[in-house]
Amino acid sequence: MEDEIELQWKTNRKFIVSVEDGKLTAHTEGTAEITAYYGDVSASFTVEVAEYIELKTITMSLSKSSIAIGETSEATLKLNPETASDVDITWEVSPEDIVSISNENKNKSVTLTGLKPGTVTVTAKDVSGVYNSLFNSLFIYRTPTESKKQYFQSLKKKCKIFNFL
């Protein structure tokens, strides 16, 4: 087994970040330079310590709650606070075959495009799984002129033909 290399570590601003055996500990916001020494050889890097702002809530709104096949609705998020750190949102729709999702601005909004008639649940979740937002009433029509009532009447007729009602 090879001998382990023992490095010496130093920081130019101990009040911002301290270093012990290569482990950094942040103390306050600011920038510090960390240097590792091994004999006559050294390497340095800069560390920036920033305040971590916790995400508290996510709320979602849709530009349209009903769209026809081929039409779009924009799902937009409001993060509280807006300056939250490390926000990474995942988007889901259920069932998946009724709309498609375009993640143009993943942490703020997505475009939903109607693929076939039905109702979908749109979910936006912070990857931590702690915070999420649901929107349950995006309805997709067959054509832009078809009303929700007409759509359900056509479904009712189909069900009667097959004796489901």
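## A nonpolar patch

Let's start on the surface, where Ile 5, Leu 7 and Tyr 38 make up a nonpolar patch with about 300 Å² of accessible area together. This is a predicted model, where local features need pLDDT of at least 70 and side-chain atom pairs count only at pLDDT 80 or more, while totals for chains, interfaces and linings use all residues. Residues are numbered from 1 along each chain as its sequence is written, and side-chain values use heavy atoms, with hydrogens and water left out.

Patch members have over 30% relative accessible area and no salt bridge; nonpolar side chains (Val, Leu, Ile, Met, Phe, Trp, Tyr) are joined within 5 Å, like charges within 9 Å.

## A negative patch

Glu 4, Glu 6, Glu 20 and Asp 21 form a negative surface patch. Asp and Glu count as negative here. Glu 6 belongs to the segment before β1 (8–11), and its 62% relative accessibility makes Glu 6 exposed.

## One salt bridge

Side chains of opposite charge can pair when their charged atoms come close. The count here is 1 salt bridge (a side-chain nitrogen of Lys or Arg within 4 Å of a carboxyl oxygen of Asp or Glu). Asp 97 pairs with Lys 116, with the closest N and O atoms 2.6 Å apart. Asp 97 is in the loop between β9 (89–94) and β10 (99–105), and Lys 116 is in the loop between β11 (109–114) and β12 (118–126), so the bridge ties together parts 19 residues apart in sequence.

How values were computed
Areas by Shrake-Rupley, 256 points an atom, 1.4 Å probe, with all protein chains shown as cover. Charge placed at Lys NZ, Arg CZ, Asp CG, Glu CD. Helix = DSSP H or I, 4+ residues; strand = E, 2+ residues; numbered from the N terminus. Buried < 20%, exposed > 50% of the residue type's maximum accessible area, 1.4 Å probe, protein only.
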